[in-house]
Amino acid sequence: MLSGFLRRLFTRCPPAGRQLGLLREHEAIAERHTRVRAAWAPHLAECRKVVLETAARCPQRRRALVIGAGDCLDVPVAELAERFDEVVLADIVLSAEVRRWVRKMPGRVRGEVWDASGALAALAAVRETVTATVAPDFFARADPGPPPGGLADFIVSANCISQLGLVPGHSLPAYEQDTGLPERCARAAAKRHLAWLAQQPGVRLLLADAARLDLGPDGRQLKKETLHERFGLPKPDRTWRWDLAPIPEWSPDFHRVHEVGAWVWPEHPDGTRAGALSGLPG
Ligand SMILES: C[S@@+](CC[C@H](N)C(=O)[O-])C[C@H]1O[C@@H](n2cnc3c(N)ncnc32)[C@H](O)[C@@H]1O
């Protein structure tokens, strides 16, 4: 209780992020991590490893940008700061953890409140009245603008793409009449994010959910749903499992597991091919 209070005290989030449910979601992730820390550890370690392996491809090491930095659970902040002149940790929520890193490594680590969707302020302004038909267009047409902190030699989109439209979509009153709205917002926001990434120079790494699985108590697969194809993404370059919600976290009957993927652009370290991002819808 007290830690939740202190967390909020040291966390910054613009009004649009609060109104569209993103501060609450940030807190829910932190609370779940506290409950199932051991189950998440292998996934978080794999993310940090992939980030550093991909960073090694960067011919220039001036600036690294992490989008969706959150509490930096999946971000090897100190190691990135050893390799790059500057590390920018961006999120719609500036967490106490990011602020701790900024204090610890002044001049090398920066925290930026930044809306990667570019849609939140405009959507929050019409939150009460926007219809389920129109809301996804806010994400499709938004302009996130230039990268926070300036152009980067390395960009990591850190397990945030699926949230960009989904969480705000759930928070809209129009959702009560149309339960398909969050998914449509999620698709629109994800495609816009991919188009934005495609415009950026440098090496880009996308960490995102590739599939969702339900496993019985004995580990038997009960259900599997592919997730990345709905965003127009090709097969990931690499995958691993994330024990997101072990029994009874989500359900008393099944473990909720995600297959997480890593997509890297350009595909070749010499940058000769634009890679899969170039084939994505703009
Ligand atoms: C699943 S968490 C990622 C975890 C985070 N990388 C970590 O290690 O703690 C998704 C993150 O995306 C952020 N996010 C959601 N919508 C965003 C937006 N429009 N702009 C920037 N960040 C956003 C959330 O605040 C959250 O921190």
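Q: In which loop is P248 placed?
A: The model is a predicted one: local features need pLDDT of at least 70, side-chain atom pairs count only at pLDDT 80 or more, and totals for chains, interfaces and linings use all residues. Residues are numbered from 1 along each chain as its sequence is written, and side-chain values use heavy atoms, with hydrogens and water left out. Helices (H or I, at least four residues) and strands (E, at least two) are DSSP runs, numbered from the N terminus. By this numbering, P248 belongs to the loop between β7 (238-245) and β8 (255-265).

Q: What is the omega of the peptide bond from I247 to P248?
A: Most peptide bonds are trans. The bond from I247 to P248 is cis. Its omega is near 5°.

Q: What is the omega of the cis peptide bond that joins W265 and P266?
A: P266 is located in the segment after β8. The bond that joins W265 to P266 is cis. Its omega is about -5°.

Q: Is C72 buried or exposed?
A: C72 sits in the loop between β1 (63-67) and α5 (77-83). Its phi is near 60°, a positive value in a residue other than glycine. A residue is buried under 20% relative accessible area, exposed over 50% and partly exposed in between (1.4 Å probe, protein chains only). Because its relative accessibility is 8%, C72 counts as buried.

Q: What is the phi of N159?
A: N159 occupies the loop between β4 (154-158) and α9, and is buried, with a relative accessible area of 19%. Most residues other than glycine have a negative phi. N159 is a residue other than glycine with a positive phi, near 55°.

Q: Which residues does E27 contact, leaving aside its neighbours within four places in sequence?
A: E27 is part of helix α3 and, at 7% relative accessibility, counts as buried. E27 and G4 lie 23 residues apart in sequence and 7.8 Å apart in space, C-alpha to C-alpha. Contact means heavy atoms within 4.5 Å. With those neighbours left aside, E27 is in contact with R7 and R8.

Q: How far does α3 reach from its first C-alpha to its last?
A: Helix α3 has 14 residues. The expected span of a helix is 1.5 Å times one less than its number of residues. For α3 the expected value is 20 Å, and the helix comes close to it, reaching 20 Å.

Q: Are α3 and α9 roughly parallel or roughly perpendicular?
A: Helix α3 (residues 22-35) and helix α9 (residues 163-171) pack at about 110°, with axes 9 Å apart; axes are lines fitted to C-alpha atoms, for helices over the stretch in contact, and angles run from 0 to 180 degrees between N-to-C directions. Angles under 35 degrees count as roughly parallel, over 145 as roughly antiparallel, 65 to 115 as roughly perpendicular and the rest as oblique. The angle therefore makes α3 and α9 roughly perpendicular.

Q: Which residues of α4 make the contact with α3?
A: Helix α3 and helix α4 (residues 37-55) pack at about 105°, with their axes 6 Å apart. The two helices are therefore roughly perpendicular. From α3, the contact involves I29, R32, H33, T34 and R35. From α4, it involves R37, W40 and L44.
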